[in-house]
Amino acid sequence: MARVRRSSRLALSLALLLGAPKVALAAAEPQVGVIPAPLSVARAQDAAPVLVADGETIFVPRGDAAALQTGHELSDLALSTRGLTLKVAVGDAPAANVPAIVLVRQAGLGPEAYALDVERGQARIAATGDAGLFYGAVTLWQLLTPDTRRGPVTLAAVHIEDRPQFAWRGLLLDSARHFQPPAEVERLIDWMSLHKLNVLQWHLVDDQGWRLQIGKYPQLTTVGAWRTPPAGSPDATGGRYGGFYTQDQVRAIVAHAATRHVTIVPEIEMPGHAVSALLAYPHLGAGGPAAVSAQTDWGGFPYVYNVDDRTFRFLEDVLTEVMALFPSRYIHVGGDEAAKERWNSTPEAQARLRALGQSDPAALQADFTRRIAAFLEAHGRRLVGWDEILQGGELPADAVVMSWHGVDGALAAAAKGHDAVLAPAPVLYFDNRPGEGPHEPPGRGPPVTLRDVYSFNPLPATLTPEATGHLLGLQGNLWTEHVRTAPQVQAMIFPKAAAVAEAAWSAPGRRDWEGFVRRLPAQFARYAALGIGADTSAVAVRIDGAPAGADATVTLASQPGLGEMRYTTDGSEPGPASQLYAQGFAVKLPARVRAAVYLEGARLGPIADERLDAASIRRRASQQLRLCNDKLQLSLEGARTADGRSPAYLVNPQDACWIYAGADLTGIERLTVAFARLPFNFGLDAGHNSVILHPPRQPAGELEVRQDSCLSDPIAVAALPSGTVGSRAEVSLPLPVRSGRHDLCFTFTSLSFDPLLAIDWVQLAPPGSPAAGPASHGR
């Protein structure tokens with residue numbers, strides 16, 4: 001992986017911040033739909049547009065294998081996403097004004113930089129390095145795909161000069177919690193490269209799974225790569241869940257990544273997050289064996305490696321095989337969330353503490369890290385660890401700190417002379433839901449929107465010039481505890497990866513939210529052509545209906561805060577001339593409302609389409625309710641239902657309590673609540689004493705409904721039907737007559753926190769509706 005010199009990177013950043021972008025962003029600058037935004041775009045001397053038609057030739061230099069490969073990649077992309085057939089030929093470029101795409105080498109541009117000229121009938125990409133030539137081809141491909149149309153495309157005559165701001169432009173893929181087949185990993189690498197992202201941190205080891213074949217220790221995969229999911233979880237299929245990558249598969253993936261100019265940095269967690277390894281080889285653990293149940297739970301656990309010589313021999317053997325598979329200069333060893341308690345009762349650990357002249361077990365982790373770093377350094381590698389590796393003592397000077405506690409870890413690392421990578425939670429944690437709607441993929445509850453990600457500033461004022469000089473780059477992280485399938489992975493990563501790419505590649509003055517949004521429709525079209533199931537919540541409209549007498553008031557909302565929401569109420573497709581949304585509007589029921597976001601006449605996202613009636617406007621999914629306690633929010637996927645759905649439930653496992661805010665109770669005499677019994681597989685605290693339980697009056701528990709305050713006496717109570725974990729049920733109960741709008745608070749009573757009772761939806765019966773069926777039923 002090419003590394004930008006610290007001094008030149010800092011100088012470039014300061015120059016851009018002090019005014020260079022003002023010239024680049026002048027009104028005369030041509031607008032190009034490229035993500036990430038290039039360093040500079042200017043009109044070409046020959047301003048005549050250039051037509052790229054079917055059958056055009058891509059010329060590459062003789063004897064240049066990398067250029068030939070890039071030419072074929074560009075040809076494949078043009079065919080798959082635009083329907084253009086571009087031939088690839090080896091040889092000199094034709095004379096000016098003869099239609100062609102030309103790839104050439106030019107000295108002095110830097111390993112990842114390129115220049116792109118569209119003029120005189122041709123598109124010419126010049127670069128010094130292989131990566132630069134590839135990134136120039138990616139930019140040209142984006143120019144060839146400005147919309148959803150197929151066939152020939154006319155390009156504006158432009159001159160683009162481009163190079164990255166940071167050398168580390170990364171994405172973390174967690175394959176330990178949920179396993180992705182090799183083909184999916186390779187596809188992700190392809191898609192990363194089209195965003196000019198160049199580092200894949202591959203999280204191969206964690207408590208829930210060991211995914212890498214190690215020849216010397218076969219039980220790491222025969223035992224550690226498999227777990228038995230709890231009943232009722234979406235992973236439960238009657239057998240074990242898991243998988244691992246053979247060494248041959250890893251070599252193939254690494255080789256594939258190299259062709260896309262992506263470096264794979266493997267992560268082998270230590271000294272914590274080690275349950276899967278300790279189940280395979282229990283003698284390596286401090287303070288006794290790990291519990292098998294920890295492998296099926298999500299959360300933190302007390303199990304850590306011991307600090308004796310036998311354990312270090314094991315880890316060095318593992319890392320020796322890791323280094324043979326991954327040529328990366330960087331090897332990530334985790335180091336986060338390592339509990340120290342078991343070292344307090346382990347003779348070997350206490351002996352090592354005495355030898356260090358220390359009493360704080362935090363010194364053991366620092367010593368652990370130093371020993372592993374020395375081993376890696378002896379083999380020409382650099383240790384990378386999460387920012388907890390700064391605790392307890394000095395690190396080797398060459399160690400790299402990955403900061404997930406905001407930017408504080410990077411500041412602390414730079415102060416001690418260490419390089420750093422920014423990967424802060426929650427803004428760059430892609431397992432947070434991208435939106436608030438009930439159809440978003442499962443994940444951590446608090447939404448982190450596309451705009452939140454785009455607004456992240458990797459060069460805040462708190463970063464001193466010294467710290468900036470140590471900043472290698474930044475990285476988005478997809479943790480997969482609750483991200484189980486390929487479609488979910490894609491929706492969580494894209495389009496947030498585009499926002500991270502622009503923060504990592506584009507110079508500070510080139511970043512502009514409004515400009516980014518303008519470029520999103522073309523990007524979504526490319527995603528669709530590539531088969532990427534990107535999440536569209538960032539550019540979508542949310543339609544919400546609320547009772548207004550016998551009819552409804554409709555409100556619209558969207559994330560960007562840009563453009564205009566246009567809508568129709570007659571079922572027709574909205575357009576840029578449709579009714580402009582300014583505030584809530586009334587509709588007669590039943591109604592069909594369709595809406596979309598438009599910016600200067602161009603539709604930014606999908607058309608939202610809601611059919612509203614007296615029942616639907618009084619129904620709320622769990623994601624549309626408010627958690628009474630939002631300190632821990634999870635949108636958890638349940639078991640597949642009989643109709644093929646895999647619903648997600650917004651819940652706090654420590655406090656299963658929801659609020660239906662502002663419910664119009666006028667004329668409401670009954671409500672129905674659908675709920676599920678989910679497996680409680682969370683490592684929260686010893687004994688789960690932090691979980692709030694409400695004592696039941698009946699064995700299966702009750703649903704309690706309160707008005708305006710969760711501390712008041714219930715206004716309605718319904719007994720729950722009996723059921724097993726994984727089951728779903730509905731309870732229907734009468735309400736005392738009320739009028740006006742009130743908050744309704746819903747809680748379950750239970751003897752145990754397992755299973756976890758989670759609301760799916762709440763339905764207020766419309767006034768005048770027929771009486772409900774039985775008081776409760778399960779399925």
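# Rings, charges and turns in a predicted model

The structure holds 27 aromatic pairs; rings of Phe, Tyr and Trp (its six-membered ring) pair if their centres lie within 6.5 Å, and planes under 30 degrees apart count as stacked, over 60 as edge-to-face and the rest as tilted. Helices (H or I, at least four residues) and strands (E, at least two) are DSSP runs, numbered from the N terminus.

This is a predicted model, in which local features need pLDDT of at least 70 and side-chain atom pairs count only at pLDDT 80 or more, while totals for chains, interfaces and linings use all residues. Residues are numbered from 1 along each chain as its sequence is written, and side-chain values use heavy atoms, with hydrogens and water left out.

Are the two tyrosines, Tyr217 and Tyr281, buried or exposed? A residue is called buried under 20% relative accessible area, exposed over 50% and partly exposed in between (1.4 Å probe, protein chains only). Tyr217 has a relative accessible area of 14%, so Tyr217 is buried. Tyr281 is buried as well, with a value of 11%. Phe524 and Tyr527 also form an edge-to-face pair, with 6.0 Å centre to centre and 85 degrees between the planes. Here both partners lie in helix 18 (residues 513–530), 3 residues apart, which is about one turn of the helix. An α-helix has 3.6 residues a turn, so residues three or four places apart point the same way. Phe524 and Tyr527 are both buried. Elsewhere, ring pairs link Phe179, Trp202, Tyr245 and Phe326 into a cluster.

A charge sits over a ring if NZ of Lys or CZ of Arg is within 6 Å of the ring centre and within 35 degrees of the ring normal. The charged end of Arg511 sits over the ring of Tyr454, 4.9 Å from its centre. Likewise, the charged end of Arg619 sits over the ring of Trp761, at 3.8 Å from the ring centre.

Helix 5 (residues 182–193) shows how the span of a helix may be checked. Its 12 residues reach 17 Å from the first C-alpha to the last, close to the 16 Å expected at 1.5 Å a residue; the expected span is 1.5 Å times one less than the number of residues. Val185, Leu188, Ile189, Trp191, Met192 and Ser193 are the buried residues of helix 5.

The next topic is charge. Side chains of opposite charge can pair when their charged atoms come close. The structure holds 36 salt bridges, each being a side-chain nitrogen of Lys or Arg within 4 Å of a carboxyl oxygen of Asp or Glu. Arg251 and Asp248 meet in one of them, at 2.8 Å from N to O. Both lie in helix 7 (residues 247–259), 3 residues apart, about one turn of the helix. Arg251 counts as partly exposed because its relative accessibility is 41%, whereas Asp248, at 58%, counts as exposed.

A second bridge joins Arg382 to Asp398, with the closest N and O atoms 3.0 Å apart. Arg382 lies in strand 19 (residues 382–386) and Asp398 in the loop between strand 19 and strand 20 (400–403), so the pair ties together parts that are 16 residues apart in sequence. Arg382 is buried, with a relative accessible area of 5%, while Asp398 counts as partly exposed at 28%.

Two backbone features complete the tour. The peptide bond from Ile35 to Pro36 is cis, with omega near 0 degrees, and Pro36 lies in the loop between helix 2 (20–24) and strand 1 (40–43). The bond from Met270 to Pro271 is also cis, with omega near -5 degrees. Glu337 has a positive phi of about 50 degrees although it is not a glycine; Glu337 is found in the loop between strand 18 (330–334) and helix 10 (341–344). Glu600 likewise has a positive phi of about 50 degrees without being a glycine, and Glu600 is exposed, with a relative accessible area of 68%.
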